[in-house]
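Please open the model in a viewer and keep the selection panel at hand. The tour below moves from the whole chain to individual sites.

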Amino acid sequence: MAIAEIEGFLKECERSGDAAYAAFKSLLERLDDPVTRSDARVFLAELQSRFGTKESGDHCFRVYHFRIHDIFLTDYEGYSKRKKLTMLEIPSIFIPEDWSFTFYEGINRHPDSIFKDKTVVELGCGNGWISIALAEKWLPLKVYGLDINPRAVKVAWINLYLNALDESGHGIYDQEKKTLLDRVEFHESDLLAYCRDNNMELDRIVGCIPQILNPNPEAMSKIITENASEEFLHSLSNYCALQGFVEDQFGLGLIARAVEEGISVIKPTGFMIFNIGGRPGQGVCRRLFERRGFRITKLWQTKVLQAADTDISALVEIEKNSPHRFEFFMGLVGDQPICARTALAYGKSGGRISHALSVYSCQLRHPNQVKVIFDFLKNGFQEISSSLDLSFDDDAVADEKIPFLAYLASVLKSNSFFPLEPPAGSIRFRNLIAGFMKIYHHIPLTTENVIVFPSRAVAIENALRLFSPQLAIVDENLTRQLPKQWLTSLGIEGTTAEDVVTVIEAPRQSDLMIELIKRLRPQVVVTGIAPFEAITSSAFEHLLAATREVGSRLLLDISDHLELSSLPASNGVLKYLAGNVLPSHAAILCGLVKNQVYSDLEVAFVICEEQSIVNALSRTVELLEGHTPVFSQYYYGCLVHELLAFQIPNRRPPTQRKPAADRSPSKVIGFARAAAAAFGVAELFMSSPPAAINMDVDQSFLPIPSTVKASIFEGFARQNMADSETDVLPSIHQHLLRTLGLPTGGGAASSELFFYGNSPLGLFSKLVLCCIQEGGTLCFPTGANGNYVSAANFLKSATATIHTRREDDFKLTAAALAAALPSISNPWVYLSAPTAAPTGALYGHQEIQSLLAACAAAGARVVLDTSFSGLEFAGEDDDHWELGSCPALFAVLGGFSYHLLTGGLDLGFLLVNDPAMAEALRSFQGLSRPHGTVRYALKKLLALKAQPSSHLHAALRHHKQILADRSRRLSETLRACGWEVVGCGGGTSLVARLPPAYVGKVMVEGSAVTVAVEEDGNNMREVLVRATGLCINSGSWTGIPGYCRFSFALPDDLFDQALHSIRRFHQLLLTSAIASHSTTT
């Protein structure tokens, strides 16, 4: 090689660091070209030989702005591979030091097979020496060295050529006949962006990523190019900007981002290796990985001196304002940690301080599920990642919680709203329960044999109310949450009124229970099985025989004996069901509350093979609870799914079962008269014919805001929540003060007047029972919510109707109350306000004041239902009420599905201003209360609601705009078809009067004639759903003859289809009428 060429190259480099980089960049172009590659490599060898000593190398770096030297990997005599690498360094890239050498030592702790034939990425590769060393020693399939510094990438390529070719320019081949050029690539990338953009899946991710103690968020806003200043490009390797992670405060934000990005591209069997300085403390370093779902192993740890030019005063400030203490050491040999404040003082006095430097290897414990969770978080939910905690001391807890969080994340990500589920429970959950019984216990159940309840207590109480037996025997372990009146009545002496339930407590032991059954002959028996009797089916068979003999219905509780396990214990009841059809007078109850993660999170299910009982029990849920909380079903559904996911379906032939001895015993008690009557007139969930479009429900199907989804997920993701974090009572107090002007105060007194429930309807049912207990009459205005009227009738409450007028938009008036209340005994007035459901009419403040004054004058109690309010889109948003001086005795009923747009997540609350009413409510024990996860989410959302600038406020405004537009379009369509629409100013539904032209018309479907439309519109629901699949509520539901209810908070596509169905029905009916008339003529 001509000396003149080398001199010219050095002269160019001497000009500046940028000139030196430009010279090497030109040299890289020659290395990339196969024709000139060998000559270029020879030139580099000559260049290195000019500066062969350490002193001359340092001189070269100062004068010519580069250095080529050797890095020795080992001096172990038995090491058969290359012992050194030749490396180029320039000022604008990070120079290898203790951090990277320690990192390589940690990697060396792994066995030789760990990288063999694997796809590996090194983050922050700098000049590429670790990537090249990895490829040289472990023969991976491919190593990708990534760095955000474009100059580092160019230098890394030069170093690759320096080590892939010998000094003569010939390739150096390994035992697999490959060179380093076959195994290593370098690319410019912000962490793992290159891998994401190229849809790569990685086996290993390694990174010696820098940490900065006082990050500069403005620095990263500069444009990163290879033409940027040397100082800026070098700083990229020695600091990180704020990354938006809780670990930022410890200088670990960039590593946190690298870990989370790595989760999306790492293979399930892969792992990551990172170098972390121990200044934040070993606990903080470990938690960075563990809370993201990793198992970690510390591969190596040493101490390094703290760089003299690093200012640790920022850490002193953190210690001043928090209990956290950083970890430093005095010199390299000290073993007692000192805090940052002491280290700063020691360093300023001339002492040398050090800190630990650790290499961690980490692997996901549930890789596929954790990937789903972080895929959800990165799509607009990054703000809640700081509360995510997937660290568990107990693997059993991790095995339950992580799959559930993954399922919850997938549901929240893929669904813009929670779908409508049958009142019998989530179809998926019921399918899973039936599948579990079929696979593990060989019982051929179907979804239709399973009914889901919020809790075991609710299931028992609903069953007893359904049959309303004069005498029931209940296992003494199952009576705790039954109404006190049932346990103190004297029905056994024949002194109670008809339809009053009397409950006798009995021991669980089957022989004693059977003795009581034979002597007392109860209509209903609710019992469990003693542990020593649960293994065989004998006790169950004796109970079946005894109850069949006396004509009792049997509800058998197996909650204590059902195991959600892949190796369930022997269960005599389920053994019996595997070989025998369950008799029609019997049902099996199971409450699920045993889990490793969420204490007291409960759901229950009943198994029954008599379809009429299945239908009736599901209707009790719909009438008295509304629905079973969906998240409880999600959680236990995940547990069951984990047990079924690995099973091969239909592997065994169907079980042949013996038919029940008596499928229809004639002497068993039937449904209570009130229940049968309520079922006959209530417009409940329609399963046959199935509705394609539901405009007959109170649930909103508009998109759930991201803030709501984030709060739901965070509520379930958090661990070790303090009681104060789930105490939603103060937040509800503030909500009532802002919206109703109710100064509810605080402390124990207000707590005693306040009640929670899973839903407003569940709390309303308890209010109805209070009304009954006090001999009251529940007064509904015409145009009230039909579900609430049906619930009152089911519970056998005395009811009265207060007539409202069309000219008042069917709102209650003080005059109507004054005319009606004097003739009603002990009136309890139901009032839906500010939004009147289902009409959507709005009450103003003065109207409410006059109504409450009229009730107070008549001595009436008021049930003020605000659960359908919060989405008023007409009038002023600041039309708040001031009810603090209200003279009436009232109960304020509310929920948050509208106020907070929570979709399937709800919490009912009830505030009373009468201690006597509160005491009566407490006597009804079986109230399902929202879980702490729900209370946490709603407390957070209420705090956001109180901030006018929050995203939740913006989402509320958007929802109101959508609903206003829906109301307008629906009204226009109905009017065009001849309906008379009542003005709607809020909520999710409106009412309209049946067109006179429809009355008496007969729908004709082919040659079949269906029913004619009745004048009062009571059969409009049936006619419309049969003709178009559109389901609405008829005049019998609204209580206003001829007026039907239409809910319009539907998904966009279904709302458009609903409008089309209304127009299509109009055309079909008129055409059908002509055809029918012609046929008659």
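Colour the chain by secondary structure: it has 39 helices and 31 strands, where helices (H or I, at least four residues) and strands (E, at least two) are DSSP runs numbered from the N terminus. This is a predicted model, in which local features need pLDDT of at least 70 and side-chain atom pairs count only at pLDDT 80 or more, whereas totals for chains, interfaces and linings use all residues. Residues are numbered from 1 along each chain as its sequence is written, and side-chain values use heavy atoms, with hydrogens and water left out.

**The whole chain**

Along its principal axes, the C-alpha trace spans about 115 × 70 × 65 Å. Of the 1081 residues, 59% count as buried. Buried means under 20% relative accessible area, exposed over 50%, and partly exposed in between (1.4 Å probe, protein chains only).

**Salt bridges**

A search of the whole structure finds 50 salt bridges, each defined as a side-chain nitrogen of Lys or Arg within 4 Å of a carboxyl oxygen of Asp or Glu.

Select Arg-67 and Glu-89, whose side chains meet in a salt bridge (3.0 Å, N to O). This pair links distant parts of the chain, with Arg-67 in strand 1 (residues 67-72) and Glu-89 in strand 2 (residues 84-89), 22 residues apart. Arg-67 is buried at a relative accessible area of 15%, and Glu-89 is buried at 2%.

Next, select Lys-940 and Glu-714, which form a salt bridge whose closest N and O atoms are 2.2 Å apart. Lys-940 lies in helix 35 (residues 932-945) and Glu-714 in helix 26 (residues 706-717), so the pair ties together parts that are 226 residues apart in sequence. Lys-940 is partly exposed, with a relative accessible area of 29%, whereas Glu-714 counts as buried at 6% relative accessibility.

**The largest cavity**

Rolling a probe the size of a water molecule over the atoms shows where empty space is left. The structure holds seven cavities of 30 Å³ or more. On a 1 Å grid over the protein atoms alone, a cavity is a set of points where a 1.4 Å probe fits but cannot get out, and lining residues have an atom within 4 Å of a point. A volume is the space filled by probe spheres set on the points, which are joined across faces, edges and corners.

About 130 Å³ of space lies in the largest cavity. Which of its 13 lining residues are closest to the centre? Select Phe-467, Arg-553, Leu-554, Leu-555 and Ala-587 to show them. Helix 18 (456-467), strand 14 (524-528), strand 15 (553-557), strand 16 (586-592) and helix 23 (611-624) each supply at least two residues of this lining. Strand 15 gives the largest share, three residues. The lining divides into 10 nonpolar residues, two polar and one charged; Ala, Val, Leu, Ile, Met, Phe, Trp, Tyr, Cys and Pro count as nonpolar, Asp, Glu, Lys and Arg as charged, and the others, Gly among them, as polar.

**Backbone sites**

Select Ala-833 and Pro-834, which are joined by a cis peptide bond with omega about 5°. Pro-834 is placed in the loop between strand 22 (827-832) and helix 33 (845-858). The peptide bond from Ala-837 to Pro-838 is cis, with omega near 15°, and Pro-838 is also in the loop between strand 22 and helix 33.

Now select Leu-139, a residue other than glycine with a positive phi, near 55°. Leu-139 is found in the loop between helix 6 (129-138) and strand 4 (142-147) and is buried, with a relative accessible area of 3%.

End at Asp-600, where phi is positive, near 70°. Asp-600 is in the loop between strand 16 and strand 17 (603-607). Is this residue buried or exposed? Asp-600 is exposed, with a relative accessible area of 64%.

Methods:
1 Å grid on protein atoms, 1.4 Å probe; cavity = no way out; pocket = protein on both sides within 12 Å on 5 of 7 lines; lining within 4 Å.
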